[in-house]
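The following paragraphs are intended to be read alongside the sequence and the three-dimensional model. They proceed from the overall fold to individual residues.

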Amino acid sequence: MTGHAALRGLARAAALAGLTGAAALTAALPAIAQAVFDDTAPTGPSALFTDWQSEPALAPAATPLGENIFADRTPASSQLETAEPDTRITIGGTPAPDGAAATVLADSVSLQGDRTLIAAGGVVVWYQGARLVASRIVVDGASGALTVEGPIHLSRPGAADPESDAILIAEQAQLDRELQDGIIRGARLVLARELQLAAQEAERSEGGRITQLRQVVASSCQICASDPTPLWEIRARSITHDAQTRTIRFEHPQFRAFGLPLASAPFTLTAPDPTVERMSGFLQPGFRTTSKLGFGVKIPYFQTLGDHADLTVTPYLSASRTRTLELRYRQAFAQGATEWNGAITRDDIRPGETRGYLFGNAAFQLPRGYRLGMQVQAASDRAYLLDYGIADADRLWSGLTLTRVRPDKMVFARVGNYHSLREDEDNATSPAQVADAIWLRRFTPDLIGGEALMEWSLHAHRRPSNDDIVGRDMARGSFGLDWRRSEILPGGFVGAAIMGLDADLYRIAQDSEYDDVVTRMDPLLGVELRWPLIGHSGGATHLVEPVAQILWSPRGGSDDIPNEDSRLIEFDEGNLFSDNRFPGWDARETGLRANLGVTWTRLDPTGWSLGMTAGRVFRDHHDEVFADNSPLAGRKSDWLIAANYDSGNGLALVNRALFNDSLEFSRNELRLGWLRQDLQLSAGHLWIDSDEAEDRDEEISEFTAHVGWQIAQGWWANAETRYDFAAERAQKASLDVTYRNECVTLEMGLSRRFTRTDTVTPETSFDLSVRLGGFGAQKDGPGTVARRSCLR
């Protein structure tokens, strides 16, 4: 098992560095809770969790790595999103009381003898929430009817933002005294500044709620006088807009592209207007072609279940290979939300078998600041997740999590089941049922001062097998106490005293090589000396800080305990000055050792910066807990050299290397990130030497890159690749291209997976989707939007 390090190291480092628990653990909260909420709804359930997906300083376009507290390589929960409830719009409510006055602003106002009011020149009328802009109006005193001459702008009553809501533009109009119902000529209805409906005549009724246009053309494309043919348009006998339900009804519509008729319907169709986020109906279809499944189409149907739940049903049909039904259920609660995704399939890839998957997660806010998370992950086989583009996961986790984070305290607990989809892993001999509980408290001791971190933790895991050794089960209870006090010494030195105590009680079952009960206690003593220096040269600022840290703890203590959670070890600038570089509890560094290093940073006045860290670990003995090929093995560790560069305008570069005195490298990592308005680049190369102790028989040499760039106005492309130099083959490659203008969004994607095993074969897939603007709310994408320019 790999997995406890992130939490343990993060919590201890934060507490001993003087950071508050809440600040230090914010990045870990999503993994604890197993779900996050979209920040588009700042109130209600979405306010439960902090939006953690901010752009990292380095490689902003890359998928973040290592955010989970448990690095178990299980897929992260899908991001839970909540939307604000639909605003209830009431049209034609309580009638205006008799004598209610209208406000009229005009260049000239005159009253004729028959009580006819004439206003001319820049006329603006406000009445009962409605606003009318015209060049001239004539009000009949007896009936209150209005004759309006244009150009006319009329917004409905109750509009929160008249500029972005429904606006009626016309040449002439006959309206009632409420400024809503009547006949409008030369009408153009603009919805949310996106969809335009143009007709020779329109009729409004029911207090402005219903607007019916006859012999009408609808489009969200910009239309120029020199070229009046839009990219697409819908023509119909009549189009009716209901401002209360926010729906558009097309009678006998005909769809045209570039002026050519492509499709028509001899019946009535209904669609949402651009302000709608949730409404029952068919969503945009998707087209997918793969080398295994052939050409197929997805036709999703979205069904609202009140304000707080919805269901999406998506049939997926291919030419002759698959019959799949996909389902998604979402529900928001007063203190939480849940989402469930699944599918059931019968295909020709595995004839006669029923395949499918189910991924579900939920998060709830409990009393006293506790948060409960739930996750369910199941799949018939790994190839199914890959064949249908669901996930690249090869391990699944299902279970419950409970967290509570305060500035000085943290509670974390989880219990669940692992299921491996890997061909080289036997679920019977791998830890399946796993439970963890951690309690942390940071405090200041009254007598000795400084800062201390107290930790209580429990862990247990069980293997389904009953065989000796390979079916080993374990349970552990641990106590940890770390204390640190820093003082400023003469000469600008900063000294620190360090003490710690770790105690463990193990219960080991079904393994004859170890005792059933094992106890261990490791005290720690240490001192640290830092000398922060600052200087200026040529306008630049230089920061230099040598650090020397000496630690001691009794030698040995880990031989009687099987190492289950500390198999993979990292050595970088983040843990160079750590008292224990093992990620879990089962193994610890012991003996007398010195962590020595120096950091240098140059801050240029033009905005760029350059930093370097160099260091090494020295020991008085060879610590056998480290494998011979480990960078930390022997009396002297490998040299650690790390450098980082930040241009100050979006370009960042980091390189980290480990090598011995003979300049033989054991690890090297290079990462590059570049963020601009028209470019998002993330690339990296990782090289790690082989190490049998870490189940790595061959060296790793991989290149990964993800780039998004603005091809042209409205065109945005994303490309991603992963290449294995050791195997001399690519692992995956993909290219996605999106075109967006004011009225249409076109998305195309081509991907190739090169993985080959007994059950997984290489596959190529192509996806295509088209969405017309103006029907339902749409999210913004990266890059610019192409807009048609009209020449005058």
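The model is a predicted one, and its secondary structure comprises four helices and 43 strands. Of the 792 residues in the protein, 43% are buried. The protein exposes about 39100 Å², of which carbon and sulfur atoms supply 56%. Among contacts with a separation of 6 or more, 50% are between residues 24 or more positions apart.

Strand β36 (residues 651-659) and strand β37 (residues 665-676) pair in the antiparallel sense, over nine bridges. Within this pairing, Asn-655 has Leu-670 of β37 as its bridge partner. The two strands form a hairpin with five residues between them, and Leu-663 in the turn has a positive phi of about 60°. Strand β37 also runs antiparallel to strand β38 (residues 679-688), to which 10 bridges join it. Here Leu-675 stands opposite Gln-680 in β38. β37 and β38 likewise form a hairpin, with two residues between them. In a regular strand, the side chains alternate between the two faces of the sheet.

Attention now turns to a loop residue. Arg-463 lies in the loop between β27 (451-462) and β28 (473-488). The relative accessible area of Arg-463 is 8%, so this residue is buried. Which residues does Arg-463 touch, not counting those up to four places away in sequence? They are Ala-428, Thr-429, Ser-430, Pro-431, Val-470, Gly-471, Arg-472, Asp-473 and Glu-564. With Glu-564 there is a polar contact between the two side chains, at 2.9 Å. Pro-431 is 32 residues from Arg-463 in sequence, yet the C-alpha atoms of the two are 4.7 Å apart in space.

The loop between β27 and β28 also holds Ile-469. Although not a glycine, Ile-469 has a positive phi of about 70°. Its relative accessibility is 31%, so Ile-469 counts as partly exposed. Another positive phi, near 55°, occurs at Phe-258, which is likewise a residue other than glycine. Phe-258 is found in the loop between β12 (254-257) and β13 (260-264). With a relative accessible area of 62%, Phe-258 is exposed, because the cut-off for that class is over 50%.

The aromatic residues provide a further view of the structure. A pair of aromatic rings is described by the distance of the centres and the angle of the planes. The structure holds 17 aromatic pairs. One of them is formed by Tyr-316 and Tyr-388, which are edge-to-face, with 6.1 Å from centre to centre and 90° between the planes. This pair links distant parts of the chain: Tyr-316 is in strand β19 (residues 309-318), whereas Tyr-388 is in the loop between α4 (382-387) and β24 (395-405), 72 residues apart. Both Tyr-316 and Tyr-388 are buried. A second pair joins Tyr-357 and Phe-359, whose ring centres are 5.3 Å apart; their planes stand at 90°, so this pair is edge-to-face. Tyr-357 is buried at a relative accessible area of 15%, and Phe-359 is buried with a value of 15%.

The charged end of Lys-298 sits over the ring of Tyr-316, at 5.1 Å from its centre. Elsewhere, Arg-414 lies over the face of Trp-397, with a distance of 4.6 Å from the ring centre.

Technical notes: Residues are numbered from 1 along each chain as its sequence is written. This is a predicted model: local features need pLDDT of at least 70, side-chain atom pairs count only at pLDDT 80 or more; totals for chains, interfaces and linings use all residues. Side-chain values use heavy atoms; hydrogens and water are left out. Buried means under 20% relative accessible area, exposed over 50%, partly exposed in between (1.4 Å probe, protein chains only). Contact means heavy atoms within 4.5 Å. Accessible areas come from the Shrake-Rupley method with a 1.4 Å probe; for residues, only the protein chains shown count as cover. A polar contact is a pair of N or O atoms within 3.5 Å; within protein, one must be able to donate a hydrogen and the other to accept it, and residues adjacent in sequence count only if both atoms are side-chain atoms. Two strands pair if DSSP finds at least two bridges between them. Rings of Phe, Tyr and Trp (its six-membered ring) pair if their centres lie within 6.5 Å; planes under 30 degrees apart count as stacked, over 60 as edge-to-face and the rest as tilted. A charge sits over a ring if NZ of Lys or CZ of Arg is within 6 Å of the ring centre and within 35 degrees of the ring normal.
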